[in-house]
Structure formats: C-alpha cells, structure tokens
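Welcome to a short tour of this structure. Please look over the sequence and the model first, and then read on.

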Amino acid sequence: MSYKLPDEKDLEAMIGIVGKNYATNNKAITASYLSKSVMGLESQIPDIVVRPKYVEEIRKILLYCSAEKIAVSPISAGLSGGFACPTIKPAGVMLDLGRMNRIIEVDTENRYVVVEPGVTIGELWAYMHKNYPEWAPPVPDGAPPASTVMGDAIDRGFSLYTSSVGPQGDNFMCGEIVFPNGDIVRTGSWALPFAKPFYKYGLGPDIWSFLMGSQGALGVMTKVAVKIYPHPKFKTVVVWGMSNPEDMQNLTLEIGKQEFGIAHNTVMVQGGNYPLVMARWPKDKVPHDYEFYKEMGIPQWWMNWECWAQTQEELDYVVNKINKMAEDFKKNRAKDPDGIKPQELHPKQIASRLKKPNKIAVPYAFWEAGFLFITFYTPWNECAHFAEMYCKAMEDRGFPPVMWIASIERCRQAICMPIICFDSTKQSDFEKVQEMNRETTEYALKQGWLNYRPDPYIHAPLTYSQAGMYWKYLRMMKKMFDPNQIMHPGRLALP
Amino acid sequence: MAKTGMERLKELEKEIYKCIHCKACRFAYSGEPSREGIGEYTGKQGTVLYEGMVDACPAGIEYGWEAFWNAGKIWIARSILSGDLDFSDEVRDVLMPCITCGQCSAQCDSKIPTVDIIESLRAACNEAGIPMIEKHALVDRLVKELNNPYGGKAEERFKWAKDAGLEKFVDNKDAKIGYYVGCTASYRQVEVAITTAKLFEMLGMNFTLVGDEVCCGSPFFRIGAVDTAQELMNKNLEAFKGLEMVYFSCAGCYRTITIDYPKWMPEGSKLPFKTQHAFELVTRLIQQEKIKFKPNKELKGKIVTYHDPCHTGRHFGIDFEQELIKQSKNLMFDSRKIKEKIDEWFEIPRIILRKLEEDVGIEFREMYRIKLNSMCCGAGGGVRAGYPDFSIRTASLRCDEANAVEADILTTECPFCWRNLTDANELYDHGMKVMGVLQMITEYNLLETLENPTEKDFLALSIRELEEDSKKKK
C-alpha cells in the first residue's frame, strides 16, 4: 500500500478541525512521540501530531485522511505504559487522545464507569478512591499510573481482577468507535439510543470483541464502559515459594481449578522467579548469585495470591485454605517438596504489594538501558514449559532470565511475560533481542501459544502465516471498517 | 579542558536510553494514586485536586504537548543522539521552557538524571550554532560585561551592606568564613542579604563578604551557556580561595557551587572550601540548644507554610542519590540509606519551622506537594528571564497551593523563589506574605542565644558531608 506524505496543506486542514494550538508538524514535537521500549522496539516519528478533544473532530480528521490516503495512528495517552502502539512506517498523522480525559459516568448499581481514551489508570483509581471508595476499577498491576484505561482495554491484557473474573478485555462492556468512513458506532447494548452500557453482547454478533486487540488498526475508540468491582477492606497476599516452575504451575492450577469459592477470592494471582527482583537494579550494583537472594528469603520461583474478601472471617478462610492446599501439594504431589515453602511477608511488604496502581514494572531499564516485554498466552498447564524454554533462551544470549507469569480466569490461561533486560544503546543487543524474539515465537507457535500483543514485524506476520483463513477474514473486515486502509497501517501486519 | 554539551550528552546516552516513556515523570507522587490529601481547591490558576498523583511539570502543564513534558524531551535527546533529529530553533524552543526543577528525576524509578540531560541538550544546542532566545542572549551579554545578569554595577554589589551598617564585613581579611551573597540578594532581594548577614552578626560569626564575588554562573549552566558559566566559576574560585567555609542564603548559588563546580573543575580537583546554607547552621544550633526563639504576638497563630526550593531541596536529594548509586556495591541494601539521607536533608528547614511553632506560636502547616515532590516556583532554568509570564503563572500555581492550606505566610529559603512567589502573590492577589525563614527570624527579632556559638560551630560540616566524613575516619 502507498500512502500520502502529509504536507503543509494537510496540516492546515488539521488546524482547521482542531485549532492551531492542537495540530503541528514541529519536528521537535513530533520526535517527542517516539517510543522504542517495553512493548515494542519499532517507532517512527509521525509527520503531524493532532490532539483532538471531541468525537466530531476525530470523525472529520478520519474522513479527511481517508479521502487523502494519509495514514493515521491513534494513541490514548500512555506510550509505553499502557497502549503501546506508537506510529510505525509509513508514519503520517498521529492522534494523541490525551485531551479526551473525562470520566463521564459512574454507575455503582450496574457497576461500570464510562471513560474517554485519555483517562489514565492513576486518575481513575484516584477518582474512585475518593468518590466511590467501595468500588475499584480493573487497573493493571505494574503498568505505570500514567498508562490508560483504554489502552489496557484494547490490549485485552491483565489487571487486578483477571484471575478472578477473566481476561481484561471481558471487563469492557461497550464502546464507541469512530471509523474512517465517518461512522460513529456504539457497540453492545449501547447501540440502542436509550440503553445503558450494561450488556456487551447486545445486538447480535458482537463488533466490540472484533475490535479487541486491534491496536488502533480499525478505528478510533472514543468511549468505553469499564466494569467496576467491590473494593473490600479485607485484603492480604499469600506467597508460596518453589524451586521450579512446574511446582509453581501445578499448585496454582489446583487452587484455580476449583473455580468457585477461594478461586474467586484470589483476585490477582501472579508470580515468577528471583531475577524479577534482581533485574530491577543496575546490573553492576547487585549480586547475581541466587545464594544472596536465598538468604534474603526470596524463593527461586514463587506465586502470590492476592486475596480480597468481604469479612475477616472470609479472608482467614481463604488464606487457610490456600495454605492447606499448598501443604497437601507439598506432601503428596510436588516435584521438589523441600523447595515448597510459605514466604512470610512483613506487613510493609504486604501493603506494598496491595498498592495499586504502582510502578513495579518500570525499573527494569535500570538493569542496563532498556527492556522489552514479550508476552504470550499459554494454557495454564503449559506455562512451566514456556518459562523453561524462554529462560534458557535469555540465558543463552546473556540476558538475565526474568520471568513473570499470571493467571487469567482461574488458571484457564497463563499470561507469560519474559522481561528482556538489555542495553538498547547497542545495535548488537537490539539484533540479539530480535533474533531471540523470532526464534522463540517460531517455537511458541509450534506449541500453539499466542502472542498477547503481537509486534508488527515478527509476531504478527509469523502468527498470521499460520492462520491463513483467519487472516483472510481479518483483511476483509478491516476493509469494511476502513476502506482506504488508513488506520495504523502495518501495526497488525494489516495494510 | 571542559567537555562540550554533546560530549556530555553522549556520556549520558545509557541514561537517556533507559527512558521507557512511562510518563510517571509528569506527576508529583507518581506512584501514589491513593495518597490522602487536602482535596480540591480552586485558586487563581484554576482547580487542582491535591490528592493522589498531581501533574507537576510546569512546562508540560503550560504547553501541553508531549515535547514539553520530561519524557518527550528525553526522547528528543535520544533522537538527537541517533541522528533522527537535528538541533534547530524548534528544538531549542521546546528545551528552554523547562525550569529544570528536577521533579521528573525524582519520580523516575530508573533514576534517570533528567536535569543533567536537559542541560547537556541545551549546551549542545548552543554549540550547534542555534542562537539563544533573545532574553537569554541579553543576560549572557550582561554577565560578561558586569559579572551579574541584572545589569548592576560591580561596585554596587555590596551597597546593601554599606546601607545596613555591615560594611565592616566586606573583605574582612581575618575571617575564615565567607558569605556568598549571590546576584539576586545583592541587586534585587537585598532583604535576604541583610537578614542573613545580620543573623551571622548576631550569632557572633566572624565572616567576610568577598569583594571580588561574581555571579555563581547558575543561570548559565542551566541555559547551556557553559563557557560563560565556567569563566564565572574560575573567578569565584580565585576570589574565595583561602576560606575554610562558605555560607549561602541562595539555593541556586549553593547548588551551583557545591554540585556543579566540582563537575566542571579540572578532573581530580575539589572545591577548596566547605559549603553550607545558612539554614543548616541555624538548625544545628537549635539541635544543640544554643539558640531558641522569642514569643511574638504579631506572629502568634499565623499559619506558615514552607516552599522547598528545588535547588536546596530536590537537587541535593537527587545528587545524594546519584552519588550513592555510583559508590554502592549493593544498591538493594543501600537504597534505604539513600532514602534516609534524603529524608534527613528535607527535615533541616522543618526543624527551624517546628521550633518557631513551639517557641513563637506560629502554626506550621505543610502544603500537599512537599520535599522531593515539591512543586517548583517557576523561576529557575532561565525561565524567569526567558518566559516571564509562564514563570509567574507557575509561581501563582504554587501560591494557590499555599492558599489551599490557608497560609498567612509563605516561607522559602531562596531569594529567587522568593522573588517569583512575591511577584505572583502580588500580581494574582493571593493575599499572603512571602518571606524567607531567616528573614522572619531577623525581622521579627526572634533570635535568643542560649549559649554563644563558637567558631567550631560555624566551621562544622554540613550534614550532607557528615556521612562521608565519618566513612573517611573509619
């Protein structure tokens, strides 16, 4: 596909829509939107950046760019932290939706909030904390507070409640989308003019689900209704340590597989290995030997169960039940029973782990100079296999084997995230990362594991090359929403 | 041979490449969305919710575009290094409105030295032949001609001392202790100079005002005119050599001479004198119970708040952190020490304010954003000179925050902050009194000496150096 390189006339057209203060081709400003880290290493300086405030402005911009065949890439407000899809080739117009930052409605009876794309998870959390302290939104753990609610929705990612209630995408009820043909579509029950956004699968086949994971390649989402959940006072974190990922996988599965009761109380279930602790510090400023971490009481592998309950009695029951199940697992089924130990946490450690949102994921760049999350979904009972494979691949290339794994929907799926800590000032490191990324993706696809947020040049082409029929229909449907294929071209290996 | 801005930028490459564009740096309390605060307040600059994370990058708030927030500038630096972007007027115009307050650095969990990066970018931009903005070019010209950026005559630098009957301290050859006054206190906020010198006199300190004192160079290090800054540095090092201790009343001068000079001096050389701010001395004397304060009817019941100057507060905090990171062999353990040292540092002015509360009867009330998360007054980084309207609006935002805690008196410990906050207080009618803490002590005659301090007290090390000193002794 070929696209028009926007010129001064196009800039004038954008200024005509949003005003002179909100559209620019200033080179310093456009360069400031680069982002080559965390979620992907590709980013291209946009030709024009536009900061719309209203849906109608977006509609006009898309109509104009579609007519002129100018590529458009929307970002919600976060760059690396949330929806991490900066402009890639062929650049074009970037829509920075950060000014669309209203929390529009909170409905505690029907348990949702409606937000615009620029609302950050920190803002929504703080707003709920102040005004509706008994309710909390499903914010991701680890994504920085400046990342956006919308970004996490589109990624269908992980959040505070995903172990209990299912994939993050399922926490989003209905949305409003502007398509490049100028149509503004509301999905789910919201498609009816007087309906609340209370039911996702509203009017027959669900358009919203089709947009999940679209990375801005189909249209611009301008509103979203997000579920909220009770925020009880009785919370704690239970941690069990293990010597290997298989024991971590199998014990966690036993608890999650119950489906009811304590499996629902364990809202967030996540774990990993000791390099998760180590690699948050500069490479030359911390010991690398496990013995040091062992002395600090850090297991080689561990799993955290963040437990929420309505009463202390209920919380005690959940904690005791997890501990009993862990003891039973250790005694009867563990691969390495001696390695299975409860980890006693200091109240400050518990408080720190319960704090949401937080910046836990940020300092991995501290290790050297840059990092990349390469995230996959696997069936839960294959996450140990994934971890072993990926840790070896990282170690073989001289990267610390940092692995984070979390449960989705009571261990139906695992979200597995190797964190590649590398020196992004070195081209050789960049190449090593991408070579590893390609090799591991090929291996993963053979196992039937899926990328969580496919990058445009490795994951998406490799994945779709093995799913030809699906790919055919994706292309056909994109053409329907985006006839001139201007939305974020290349992002999903779609034109 | 000093390094060029571009060389320094290249040295900082790894730090620049650590930025993941997470944007935490735009907020005060970036990791604390549930932090309890004082609620919503509508002031002269609009409504701010003083709870949880609060937008705190003045340039970002003012201009909005990504390039004006810190993360955008770090990615501009990366684009310059990678060759994706060249220096231009456009680049200069997004770099210069940064106040270099360091809020971004304080928020960064990867400890990126953002202020160093921005100052290096500015210097490299100058070196690339991009002209300075007009107002910066003017102050650069003035300081080259007159050794101060205000256009004051050199022979009038100590006029305030003569007028206040403190002439005997000018070029007092017997003294081992100097008082570095700085340009703002010499030519504009003479109250700061007078009250500080009088306080020293009341305490019985034998000090000297150095007749050859010139501008410390702070504005020029900040705006990237590093050749100018280094010339000034060399003049001051020559003028103050032979002294054992130099006291300051200006946060910017204190930061520049203590932190910047050693970085720009020939490799391996050290400052030839010890440095500390006057408020460190007062705090130490309070702790040693050598001084106390007298009750005062006029001040009794007044609500007093304190604005942490970036240069004495956050910049030192960040410098401690960077130094300890360099020295540490196990940062996981040492990070707690860093935190303790920073906490201790920010307590220094608060010890004075709490003593004033106890003895004088003021009510000391903190604003929401304090210490490492303090909001800048808007004056630094060449912004007051270059972008006066934006600078004053930022100061007014800070005054709003003081109004939100119903302060009668907004105190600080930097004549430059004081100037900007005073201007905003008057221009936007915030209705407070703005003054220095030491000024309050002197003007209201609050000082009561319980035991005369000795020269040893005056020459005692700053607490920022105590730990290092005890390590050496061990």
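## Before we start

Two residues are in contact if their C-beta atoms, placed from the backbone, lie within 7 Å. This is a predicted model, in which local features need pLDDT of at least 70 and side-chain atom pairs count only at pLDDT 80 or more, while totals for chains, interfaces and linings use all residues. Residues are numbered from 1 along each chain as its sequence is written, with chains lettered from A and ligands numbered from 1 in the order in which they are written.

## Domains of chain B

Domain bounds come from an automatic or database domain assignment. For chain B, this gives domain 1 (5–127), domain 2 (139–288 + 450–473) and domain 3 (291–449). The C-alpha centres of domain 2 and domain 3 of chain B are 19 Å apart, and 38 residues of domain 2 of chain B are in contact with 38 residues of domain 3 of chain B.

Which helix of chain B gives the most to the side of domain 2 that touches domain 3? Helix 15 of chain B does, with eight residues. Helices (H or I, at least four residues) and strands (E, at least two) are DSSP runs, numbered from the N terminus. By class, this side of domain 2 of chain B has 18 nonpolar, 11 polar and nine charged residues. Here Ala, Val, Leu, Ile, Met, Phe, Trp, Tyr, Cys and Pro count as nonpolar, Asp, Glu, Lys and Arg as charged, and the others, Gly among them, as polar.

## A helix pair in chain B

Helix 4 (residues 70–82) and helix 7 (residues 114–127) of chain B pack at an angle of about 50°, their axes 10 Å apart. Axes are lines fitted to C-alpha atoms, for helices over the stretch in contact, and angles run from 0 to 180 degrees between N-to-C directions. B:Asn70, B:Lys73, B:Ile74 and B:Ala77 in helix 4 of chain B meet B:Thr114, B:Ile117, B:Ile118 and B:Leu121 in helix 7 of chain B. Five of the residues in this contact are nonpolar, two are polar and one is charged.

## A sheet in chain A

In chain A, four strands form an open sheet in the order 1-2-4-3, with mixed pairing. Strand 1 (23–24) and strand 3 (72–75) of chain A each have a single partner strand, so one side of each is left without a neighbour in the sheet. Two strands pair if DSSP finds at least two bridges between them. Strand 1 of chain A runs antiparallel to strand 2 (residues 48–50) of chain A, joined by two bridges, and A:Ala23 stands opposite A:Val50.
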